[in-house]
Amino acid sequence: MSAAFDDRRFRDVLGTFTTGVVIVSTTLDGKPQGMTIGAFTSVSLDPPLIAFLPAKSSKTWPKIRSAGAFTINILAQDQEALCRAFARTSHQKFDGVDWFQSEHGTPHLAGALSWLDCTLNTVVDAGDHEIALGDVCALTQGKKDDPLVFFGGAFRVLEAPQHTTEA
């Protein structure tokens, strides 16, 4: 880290950027696997590509990488508990979780806003993380709701904009 700022200041400044939250899920050796990711983005429309940035220290990321196929589950605002559960290091993340298998064999978490089924395209080294590019092979929209968002170190609820009418 540069002498100009420390880790805490870096995190505080980056915390001023609102991020959506997703769970990346896969099936490996017949068992569902998943992890929470806050660094997710669309990359390209043609071809359709997405990216997420897993930490190199993750115990789940090597399983997802090995499987080669995964689903991006875009979380709804009422899925904070699910997000927190999948952020922990645990072997039983799917215990008690309502999910179903996609046509591509990957877990779709019930109640998500949308699902993107992907195959792993490329992995790029990026400091203490990696950048995983995925080819999107199927898209499904789920329930209509607001997304789960993270801002300033906390989960937030979006508020509808206040419209005023001029007299």
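In the hairpin of E9 and E10, which residue takes a positive phi, and how many residues lie between the strands?

A: Gly127 takes the positive phi, near 65°. Two residues lie between the strands of this hairpin. The model is predicted, so local features need pLDDT of at least 70 and side-chain atom pairs 80 or more, while totals for chains, interfaces and linings use all residues. Residues are numbered from 1 along each chain as its sequence is written, and side-chain values use heavy atoms, without hydrogens or water.

E9 spans residues 114–126, and E10 spans residues 129–141. Strands here are DSSP E runs of at least two residues, and helices are H or I runs of at least four, numbered from the N terminus. E9 and E10 are antiparallel, joined by 12 bridges; pairing takes at least two DSSP bridges. Asp125 faces Glu130 of E10.

The loop between E8 (107–109) and E9 holds Gly111. Gly111 is partly exposed, because its relative accessible area is 29% (20% to 50%, 1.4 Å probe, protein chains only). Beyond neighbours within four places in sequence, Gly111 contacts Ala76, Gln79 and Lys143 (heavy atoms within 4.5 Å). Phe10 is 101 residues away along the chain, and its C-alpha atom lies 33 Å from that of Gly111.

Finally, the pockets. A pocket is an open set of 1 Å grid points with protein on both sides within 12 Å along at least five of seven lines; lining residues have an atom within 4 Å of a point. The largest pocket holds about 1,400 Å³ of space. It has 37 lining residues, and Arg11, Gly38, Ala39, His129 and Phe150 are the closest to its centre. Helix H1 (7–14), strand E3 (31–37), helix H3 (80–87) and strand E11 (149–151) each give two or more residues to that lining. H1 has the largest share, six residues. By type, the lining has 18 nonpolar, 11 polar and eight charged residues.

The second largest pocket holds about 200 Å³. Its lining counts 14 residues, with Gln33, Lys63, Ser90, His91 and Gln92 nearest the centre. Strand E3 contributes the most here, four residues.

Terms used: On a 1 Å grid over the protein atoms alone, a cavity is a set of points where a 1.4 Å probe fits but cannot get out, and a pocket is an open set with protein on both sides within 12 Å along at least five of seven lines; lining residues have an atom within 4 Å of a point. Grid points are joined across faces, edges and corners, and a volume is the space filled by probe spheres set on the points. Ala, Val, Leu, Ile, Met, Phe, Trp, Tyr, Cys and Pro count as nonpolar, Asp, Glu, Lys and Arg as charged, and the others, Gly among them, as polar.
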